[in-house]
Amino acid sequence: MKLKTVFVLFCILFSGALQAQPAQQKFDKSAFYKALASDDIDQITAQIDLLEKHASPEKTAYEGALLMRKAGLVKNVSNKLSLFKSGRLKLEKAISEDTTNTEFRFLRLLIQENAPAILHYRSDLKTDSQHIKASFKSLPTVVQRVISAYSKKSKVLHSADY
């Protein structure tokens, strides 16, 4: 009888502990692109933290883009370079593993077009632009909207094409 009572109490306590834990937040592309476009380092860091807990084949590319964006906002020069290099490695790895992924190419184009020239990270602008134009209609609606909005201020993407 004692064992049964202990078991019931254990089950009640354990189920309460499970309910007390916050639900794991899901990755949302709209929130990702909103953070990527912002100048809010906390919003970018929150997206990076969320991605670290998320299991997705796209995770590496998204983390890379956010790290490079964050590099543009931190004050310490050595930290800027470290974040940018780390992000670039992640994004380039994701692209090399999935060369046909248009969204990854868009992320690279966005970063390359806005990165300072001193970083020498601009070599894929033309090919990525052509790839994006050719595959635009196959992208999810959320990504199409982001590309269309970005193309209005881009020198590489032309808004008439999107």
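Here is a short chat about the predicted model shown above.

Biologist: What am I looking at, and how are the residues numbered?
Modeller: It's a predicted model, where local features need pLDDT of at least 70 and side-chain atom pairs count only at pLDDT 80 or more, while totals for chains, interfaces and linings use all residues. Residues are numbered from 1 along each chain as its sequence is written, and side-chain values use heavy atoms, with hydrogens and water left out.

Biologist: OK, how many helices and strands does the protein have?
Modeller: Eight helices and zero strands. Both are DSSP runs numbered from the N terminus: helices are H or I with at least four residues, strands are E with at least two.

Biologist: And how much of the protein is buried?
Modeller: Buried residues make up 40% of the 162 residues. Buried means under 20% relative accessible area, exposed means over 50%, and partly exposed is in between (1.4 Å probe, protein chains only).

Biologist: Which residues touch the most other members of the largest nonpolar core?
Modeller: Phe 32, Leu 36, Phe 106, Leu 107, Ile 147 and Leu 157, out of 40 residues in that core. A nonpolar core is a set of buried Ala, Val, Leu, Ile, Met, Phe, Trp, Tyr and Cys residues joined through side-chain atoms within 4.5 Å. The largest share, seven residues, comes from H4.

Biologist: Let's stay with H4. How does H4 sit against H6?
Modeller: The axes of H4 (residues 59-71) and H6 (residues 102-114) come within 10 Å and cross at roughly 10°. Axes are lines fitted to C-alpha atoms, for helices over the stretch in contact, with angles from 0 to 180 degrees between N-to-C directions. So H4 is roughly parallel to H6, a label for angles under 35 degrees.

Biologist: Which residues make the contact?
Modeller: Ala 61, Tyr 62, Ala 65, Met 68 and Arg 69 of H4, with Glu 103, Phe 104, Leu 107 and Ile 111 of H6. Contact means heavy atoms within 4.5 Å.

Biologist: New topic: is Ser 129 buried or exposed?
Modeller: Ser 129 counts as buried because its relative accessibility is 13%. Ser 129 is in helix H7. Leaving aside neighbours within four places in sequence, Ser 129 is in contact with Leu 109, Val 156, Leu 157 and Tyr 162.

Biologist: Last one: where is Gln 144, and which residues does Gln 144 touch?
Modeller: Gln 144 is in helix H8. Not counting residues up to four places away in sequence, Gln 144 touches Phe 136, Lys 137, Ser 138 and Leu 139. A polar atom of the Gln 144 side chain lies 3.2 Å from the backbone oxygen of Lys 137.

Definitions and conventions. Parallel < 35°, antiparallel > 145°, perpendicular 65-115°, else oblique. Polar contact = N/O pair within 3.5 Å; in protein donor to acceptor, adjacent residues only side chain to side chain.
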